[in-house]
Amino acid sequence: MAEFTLKVNGTKYKVEAAADTPLLWILRDHLGLTGAKYGCGIGQCGTCTVHIDGEAMRSCALPVSAIGKAPVITIEGLATKQGEHPVQEAWHEVDVPQCGYCQTGQIMSAAALLKKNPTPSDADINSAMAGNICRCGTYNRIREAIHVAAKKIKS
């Protein structure tokens with residue numbers, strides 16, 4: 001076991017874990033942040049997406065030892081003091097979720113996209129969201145919500 005100091009959602013935490021423990025299990029089991037979900041375990045479905053140093057990353061396949069001092073943001077930390085993140089607001093407005101299992105990962109990937117590209121085209125959205133799988137097939141509503149969120153961020 002090794003001790004790691006992580007900055008998650010603006011708070012520093014010390015955790016003891018094996019160096020190869022996936023970040024997802026640190027978040028869920030050690031810190032009680034259960035927003036990021038376990039899906040495939042190999043970083044292919046995107047349900048475990050979090051932001052690490054501003055980049056959308058899959059936490060199920062990322063060892064805690066690889067985080068270093070990079071700040072981690074989970075869905076629990078995406079909202080601001082003013083309220084929900086514009087992507088979260090758009091998700092509600094468009095009524096995106098069906099079963100909802102993949103939605104936290106979808107929202108985290110969409111927020112990372114809009115931070116880099118505030119006016120994405122459909123092709124930009126399709127490319128950025130290609131690593132997030134939705135078993136319910138809500139892709140059209142996801143794309144619509146990202147456009148709604150982009151307008152909210154611009155205004």
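Asn-132 is buried, with a relative accessible area of 1%, where buried means under 20% relative accessible area, exposed over 50% and partly exposed in between, for a 1.4 Å probe and protein chains only. The model is predicted, so that local features need pLDDT of at least 70 and side-chain atom pairs count only at pLDDT 80 or more, while totals for chains, interfaces and linings use all residues. Residues are numbered from 1 along each chain as its sequence is written, and side-chain values use heavy atoms, with hydrogens and water left out.

Asn-132 lies in the loop that runs between helix H4 (122-128) and helix H5 (139-154); helices (H or I, at least four residues) and strands (E, at least two) are DSSP runs, numbered from the N terminus. Leaving aside residues up to four places away in sequence, the contacts of Asn-132 include Cys-45, Arg-58, Gln-106 and Tyr-139, a contact being heavy atoms within 4.5 Å.

A search of the whole structure finds 0 disulfides, a disulfide being a pair of cysteine sulfur atoms within 2.5 Å.

Elsewhere, strand S1 (residues 2-8) pairs with strand S2 (residues 11-17) in the antiparallel sense over 7 bridges, pairing being called if DSSP finds at least two bridges between two strands. Leu-6 has Tyr-13 in S2 as its bridge partner, and in the hairpin of S1 and S2, with 2 residues between the strands, Asn-9 takes a positive phi near 55°.
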